[in-house]
Amino acid sequence: MKRLVYIMAWGVVKGISLLPLRLLYIFSDVVAWLMHTVVRYRRGVVKRNLRSSFPDRTPREISRISREFYRFLSDYFVETVKLASLSDEEIKERLVVENIEAVNSSVKGGRSVSLFLGHYCNWEWVSSLPLHIDPSAVCGQIYHPLESSIADRVFLKLRSRYGAVSITMEDTLRTIAGWYRSGKPSVVGYIADQVPGYGSIHRWVDFLNHDTPVFTGAERISRMVHADCFYVHLSRLKRGVYSLRFVPIAEDAASVAPFTVTDAFFHHLEEQIESAPPYWLWSHRRWKRTREGFEARYGAEEAARRLSHL
């Protein structure tokens, strides 16, 4: 029965994806209006996040960014569905990769690469990078399985269309370490701006006017495999067209001081968000963990010990 439901679900996604993007964007505009004005999907969360991140912006500016965010969020969904039918040539035209030689130089030298990106612009389209990367490397992306097994299978199929290997968070260390031990260079993408649980916090950064707890696991793995690290700079040129540029963070993550890679990632991400705010995922509760809650849970001494290492 589950297989039948999955086949039907994929058929619906594939059928919708065959529609021209210009028609999908008309549908997107309607959905954006419904989410913002009628359903008011997480509108309170979005407004609170925007006001606290940009205290110098006027209420009118905050409202404008909020409306533009919902429009982008709806576009993100239809663009992700469109992955089901975009050919290799079409996705290359819609995601313009500017300096792939920066990554391929590392791969050809036998080194692994870690790509750090946030929930900014359409991160799902980054799964097409294997079309550009030297075939001597295995390309992977870390993901958290969805609660619905059917939706999870649909998203996995979308994300693997261009050759990327999807790795569950639990299997990340074992998989990447295995590639490293076998001498196989890897290019792995980490969406590294998610909210860590208190037990996973080893670093706080000043990010968007907040004292922000951050994941450090991506840096820890990068150091273990001596990966070259890059920030994935995504820009939206227009609806349905993005540019991607690799910004070097470190040659061999193990050669720089601990937390250097993590801090640099959040610095680059903050700059992008401040320059074009609507394209970040404002609807998640990014600052629900507090330093006070962290120290109350572990006590001052243990909290300091946890923050002293990756």
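Guide: Below we go from the whole chain to a few residues. This is a predicted model, where local features need pLDDT of at least 70, side-chain atom pairs count only at pLDDT 80 or more, and totals for chains, interfaces and linings use all residues. Residues are numbered from 1 along each chain as its sequence is written, and side-chain values use heavy atoms, with hydrogens and water left out.

Visitor: Ok. How many helices and strands in the protein chain?
Guide: The protein chain has eleven helices and nine strands. Those are DSSP runs numbered from the N terminus: helices are H or I with at least four residues, strands are E with at least two.

Visitor: And why is it called as compact as a globular protein of that length?
Guide: Because its radius of gyration is 20 Å, close to the 19 Å that the globule rule gives for 310 residues. The radius is taken over C-alpha atoms, and the rule is 2.2 Å times the number of residues to the power 0.38.

Visitor: What does the C-alpha trace span?
Guide: About 55 × 50 × 40 Å along the principal axes.

Visitor: How much of the chain is buried?
Guide: Of the 310 residues, 51% count as buried. Buried means under 20% relative accessible area, exposed over 50%, and partly exposed in between, with a 1.4 Å probe and protein chains only.

Visitor: New topic: how many aromatic pairs?
Guide: A search of the whole structure finds 18. Rings of Phe, Tyr and Trp (its six-membered ring) pair if their centres lie within 6.5 Å; planes under 30 degrees apart count as stacked, over 60 as edge-to-face and the rest as tilted.

Visitor: What about F207 and F266?
Guide: Their ring centres are 5.2 Å apart and the planes are at 80°, so this pair is edge-to-face. F207 lies in strand β6 (residues 204-207) and F266 in helix α10 (residues 260-275), so the pair ties together parts 59 residues apart in sequence.

Visitor: Is F207 buried or exposed?
Guide: F207 is buried, at 0% relative accessibility. F266 is buried too, with a relative accessible area of 3%.

Visitor: And W280 with W287?
Guide: That aromatic pair is tilted, with 6.2 Å between centres and 55° between planes. Both W280 and W287 are buried. Ring pairs also link them into a cluster with others, including F54, F116 and Y190.

Visitor: Last one: where is S85?
Guide: S85 lies in the loop between α4 (59-82) and α5 (88-94). S85 is buried, with a relative accessible area of 19%.

Visitor: What is S85 in contact with?
Guide: Leaving aside neighbours within four places in sequence, S85 is in contact with K14, S17, L18, E90 and R161. Contact means heavy atoms within 4.5 Å.
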